[in-house]
Amino acid sequence: MTAIFVSADWLKEHYTEETLQVLDARMLPPGQEAVRDLQAEYLAGHLPNAPFFDIEALSDHTSPYPHMMPRAESFAVAMRELGVSQDKHLVVYDEGNLFSAPRAWWMLRAFGCENVSILAGGLQGWKAAGFDVATGPVSLPEGEFEATYDGTQVKRLTDVLLISHEGGAQIVDARAANRFNAEVDEPRPGLLRGHIPHSLNVPWNSLVVNGELKSAAELRDLFALAGVKLDQPVIASCGSGVTAVVVILALTSLGVRDVTLYDGSWGEWGSRDDLPIEK
């Protein structure tokens, strides 16, 4: 089984191998789009030959909700154009906060890639180790990619509504506690405050230290503290389906198998006035 994380030293050692490919999956948290130009930041410094896996651009833009999974055909075309080949060992990274690399890891696996890892520490950790970055655009020959989408990884609103009402799985919300508890407005305008009834709160960044997951013992304690039982199914949710994957990643690292994503997350649920909300 492919390691969830690889270290900067390991990646440096294996960088030139034909079977390895690195992808830059950095992403801005909501609300920062106005003050930062992510494309410019990418061009100013990225790992060598790492194309930009743009989660925003790779989402389904026919949906009114942010970061919904694209159709398999359009994802495959986008990957081929980026020069990504699905039979390689794909290593994804973000800025070093473990904010968005898990979503890229999860998307690639959901579309049929078997060997995907995350660079521990991300771009920050790579630079701190003293390794070089490249600048400018990356243009690679067309990749070989045939996406087969595993729809069992995703839950829809009707699934979550039923489970919220009748049980059968735990809904774990990865948003910050003050958002979960309706104490502050959502960063995306137009969304209600609160959370899905009967959901549990495990803020994604509580699981992370220095761009990687905390130790297994710490993760177990954090889940236990939030009331999450590791022997029962989990549906992860967040603001837009990105940081929920940090919860999925942490649970996967602990050997939990039945973990799915509510792709619409609060971006969908909190935009509706016909759904139950707990504050």
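Two strands pair if DSSP finds at least two bridges between them. I also noted that helices (H or I, at least four residues) and strands (E, at least two) are DSSP runs, numbered from the N terminus.

**Entry 1. The model.** I recorded that this is a predicted model, in which local features need pLDDT of at least 70, side-chain atom pairs count only at pLDDT 80 or more, and totals for chains, interfaces and linings use all residues. Residues are numbered from 1 along each chain as its sequence is written, and side-chain values use heavy atoms, with hydrogens and water left out.

**Entry 2. The open sheet.** I looked up the strand order of an open sheet of 4 strands and found β1-β4-β3-β2, with parallel pairing. Its edge strands, β1 (5-6) and β2 (20-24), each pair on one side only.

I then followed the pairs. β1 and β4 run parallel and are joined by 2 bridges; here Phe 5 stands opposite Ile 118 of β4. Between β3 and β4 I found parallel pairing over 3 bridges, with Leu 90 opposite Val 116 in β4. β2 and β3 also pair in the parallel sense, over 5 bridges, and Leu 23 faces Val 92 in β3 as its opposite residue. Helix α4 packs on the sheet and touches β2, β3 and β4 (contact means heavy atoms within 4.5 Å). The direction of α4 makes about 170° with that of β4; axes are lines fitted to C-alpha atoms, for helices over the stretch in contact, and angles run from 0 to 180 degrees between N-to-C directions.

**Entry 3. The faces of β4.** In a regular strand the side chains alternate between the two faces of the sheet. I checked β4 and found both faces covered: Val 116 and Ile 118 on one side, and Ser 117 and Leu 119 on the other, are all buried. Buried means under 20% relative accessible area, exposed over 50%, and partly exposed in between (1.4 Å probe, protein chains only).

**Entry 4. The nonpolar cores.** A nonpolar core is a set of buried Ala, Val, Leu, Ile, Met, Phe, Trp, Tyr and Cys residues joined through side-chain atoms within 4.5 Å. The largest one has 58 residues, and Phe 53 and Leu 108 have the most contacts inside it. Among the elements that each supply at least two residues of this core are α3 (72-82), β4 (116-119), β10 (234-237) and β11 (259-262). The largest share, 8 residues, comes from α9.

I listed the contacts of Phe 53, leaving aside its neighbours within four places in sequence; they include Leu 23, Phe 75, Met 79 and Leu 108. A second, separate core of 14 residues includes Tyr 15, Leu 47, Tyr 93 and Phe 131.

**Entry 5. Ser 100.** I located Ser 100 in the loop between β3 (89-93) and α4 (101-110). Ser 100 counts as buried because its relative accessibility is 1%. Beyond four places in sequence, the contacts of Ser 100 include Ala 25, Ile 55, Asp 94 and Val 242.

Entry 6. Ser 265 has a positive phi of about 50° although it is not a glycine. I placed Ser 265 in helix α10 (residues 265-269). Its relative accessible area is 0%, so Ser 265 is buried. A polar atom of the Ser 265 side chain lies 2.8 Å from the backbone oxygen of Tyr 262. Not counting residues up to four places away in sequence, Ser 265 touches Ser 237, Cys 238, Gly 239, Ser 240 and Gly 241.

Asn 210, which is not a glycine, has a positive phi of about 50°. Asn 210 lies in the loop between β8 (208-209) and β9 (212-213). Is Asn 210 buried or exposed? Asn 210 counts as exposed, because its relative accessibility is 67%.

Definitions and conventions: Polar contact = N/O pair within 3.5 Å; in protein donor to acceptor, adjacent residues only side chain to side chain.
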